[in-house]
Amino acid sequence: MKRILLSTLALCLGLSAQAAVETYKIDSAHSSIGFSIRHFFTKVPGEFTKFEGTIVVDRDNLEKSSATAKIETPSINTRNEKRDKDLRSANFFEVEKFPTISFKSTSWKKTGEDTYDIAGDLTIKDVTKPIVLKSKSLGFGPGAQGAMISGWEGTTTINRKDFGMKLNPGLEKILGEDVDITITVEADLQK
């Protein structure tokens with residue numbers, strides 16, 4: 001009898017641990033992927049308007065979580081048609097040859113009460129480099145329609161040259177190398 005009770009308890013504990021894992025899909029209508037880069041003296045902002053992603057979380061231990069994202073490079077938008085055309089060209093993203101940017105997390109490290117360093121692999125133009133997103137969990141709860149949502153924000157800085165975006169000497173003088181990335185995410189629980 002004792003063995004049966006222990007087996008049942010172990011099974012229940014295993015099921016409750018599995019139940020804690022939840023999959024959230026990024027809601028692109030309520031999320032953003034923005035960036036800024038120095039042009040002469042000031043930073044010029046931009047964004048990608050088409051992207052998707054998934055966050056798999058264990059709310060009992062967020063360090064066991066994972067995240068993936070895919071960004072459509074042709075969706076780049078800096079509110080300047082001429083600049084956006086150049087950014088889509090071979091000078092920068094080569095969108096016809098490399099239509100997506102991808103990110104896949106490799107580890108989550110707790111750094112504060114609701115903050116995490118999310119390490120992962122970022123791939124731009126078939127070049128993959130490790131990055132760390134300084135991230136914050138904004139919470140979990142019911143959204144406007146009552147369905148469960150989660151909120152996140154993250155920042156990182158990358159060097160454009162690491163991903164093959166080297167320019168002619170004239171442009172190198174006026175355009176910074178570091179690109180600051182800011183991500184805000186609202187994600188919907190998948191059933």
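**Aromatic pairs and paired strands**

At 6% relative accessibility, W152 counts as buried (buried means under 20% relative accessible area, exposed over 50%, partly exposed in between, with a 1.4 Å probe and protein chains only). This is a predicted model, where local features need pLDDT of at least 70, side-chain atom pairs count only at pLDDT 80 or more, and totals for chains, interfaces and linings use all residues. Residues are numbered from 1 along each chain as its sequence is written, and side-chain values use heavy atoms, with hydrogens and water left out.

Start with the rings. The structure holds six aromatic pairs. Rings of Phe, Tyr and Trp (its six-membered ring) pair if their centres lie within 6.5 Å; planes under 30 degrees apart count as stacked, over 60 as edge-to-face and the rest as tilted. F48 and F93 have ring centres 5.7 Å apart and planes at 90°, so this pair is edge-to-face. F48 sits in strand 3 and F93 in the loop between helix 2 and strand 7, 45 residues apart. Helices (H or I, at least four residues) and strands (E, at least two) are DSSP runs, numbered from the N terminus. Both F48 and F93 are buried.

F140 and W152 also pair edge-to-face, at 5.9 Å centre to centre and 90° between the planes. F140 lies in strand 9, W152 in strand 10. F140 is partly exposed, at 26% relative accessibility.

Now follow strand 7. Strand 5 pairs with strand 7 in the antiparallel sense over five bridges (two strands pair if DSSP finds at least two bridges between them). Here E72 stands opposite T100. Eight bridges join strand 7 to strand 8, again antiparallel. A hairpin of four residues connects strand 7 to strand 8.
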